[in-house]
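Please keep the sequence and the model in view while reading.

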Amino acid sequence: MELQIKQKNEFQYVEEGSGEVLLLLHGLFGALSNWQDVVAEFSTDYRVIIPLLPIYDMPLTKAGVPGLVQFVEDFLAEIGLTEPCTVLGNSLGGHIALVYALRNQRRVSRLVLTGSSGLFEDSMGGSFPKRGNYSYVQERVAYTFYDPTVATEELVNEVFNVTNSNAKCLRIISIARSAQRHNLAKDLHKIKVPTLLVWGLNDTITPPVVAHEFSRLLPKAELRFLDHCGHAPMMERPREFNQLLRQFLVQNQTPVKVVD
């Protein structure tokens, strides 16, 4: 399905379906399209919302995890979303989801993390983007997936265009360093909502040991691994990811509020 982008003031986002809200947050080199298969599967019975995070053009002074969490809070206020929702995050998006949940306990009913930063991540394979080096970008994008063919030419070109801009590179580096600094290990015990961790067994950016640590530190976590899968399970193994997500949502139904 082709995702239709909406605009409200400075916010660009996708909104499909109706019902209980699934809020989807993409990663550092992510895009709205990363969640395409989740939207296709769940917009029939949920209201699926994906804000386009301003990773490449936010003010440099705000380019970090706290600034992105503030952006999500401002976005939700702009669209008037006040009811608790299920927040899903991949990579940096998972980190933002966790900090959002810590700051807005009553507005999060469930969490779904996949390849999340917040404890440890090998961003860009341990180095920052090299401007104008196409083969380097190609290698880094392929490093995200177990199956390098998932790193299509279109995806590589998208990332290359980003890393070819000095201004965008500065923001990426600032955000990546912020993510590495903002370790959440001491705070995760405060997150009491049901949490699904879906991890690629072959994730080299946030390896399986990170998933086990999240599982240990989050009080209501359940951990599921997908084999032959890297850092973005919802892209690389969409059918299995959606099955696990559906099962989790059904097993952890949020109570329906009865209005007098």
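## Basis and conventions

The model is predicted, and local features need pLDDT of at least 70 while side-chain atom pairs count only at pLDDT 80 or more, whereas totals for chains, interfaces and linings use all residues. Residues are numbered from 1 along each chain as its sequence is written, and side-chain values use heavy atoms, with hydrogens and water left out.

## Overall form

The secondary structure comes to 9 helices and 8 strands, where helices (H or I, at least four residues) and strands (E, at least two) are DSSP runs numbered from the N terminus. Along its principal axes the C-alpha trace spans about 60 × 40 × 40 Å.

An open sheet is formed by 8 strands in the order β1-β2-β4-β3-β5-β6-β7-β8, with mixed pairing; two strands pair if DSSP finds at least two bridges between them. Because β1 (5-8) and β8 (221-226) stand at the edges with a single partner strand each, one side of each is left without a neighbour in the sheet. From one strand to the next the twist averages 25 degrees.

Ile5 belongs to strand β1; apart from neighbours within four places in sequence, Ile5 is in contact (heavy atoms within 4.5 Å) with Gln12, Tyr13, Val14 and Leu32. Ile5 and Leu32 are 27 residues apart in sequence, with 8.9 Å between their C-alpha atoms.

## Helices on the sheet

Strand β6 (residues 108-114) pairs with strand β7 (residues 195-200) in the parallel sense over 3 bridges, and the bridge partner of Val112 in β7 is Leu196. Helix α2 (residues 65-78) packs on the sheet, where it touches β1, β2 (11-16), β3 (21-25) and β4 (47-51), and its direction makes about 60 degrees with that of β2. Helix α3 (residues 92-103) also packs on the sheet, touching β3, β5 (85-90) and β6, and its direction makes about 155 degrees with that of β6. For these angles, axes are lines fitted to C-alpha atoms, for helices over the stretch in contact, and values run from 0 to 180 degrees between N-to-C directions.

A search of the whole structure finds 2 cavities of 30 Å³ or more, a cavity being a set of points on a 1 Å grid over the protein atoms alone where a 1.4 Å probe fits but cannot get out, with lining residues having an atom within 4 Å of a point. Grid points are joined across faces, edges and corners, and a volume is the space filled by probe spheres set on the points.

The second largest cavity has a volume of about 30 Å³ and is lined by Leu196, Glu222, Arg224, Leu244, Gln247, Phe248 and Gln251. Both β8 and α9 (238-251) supply at least two residues of this lining, and the largest share, 4 residues, comes from α9.

Conventions. 1 Å grid on protein atoms, 1.4 Å probe; cavity = no way out; pocket = protein on both sides within 12 Å on 5 of 7 lines; lining within 4 Å.
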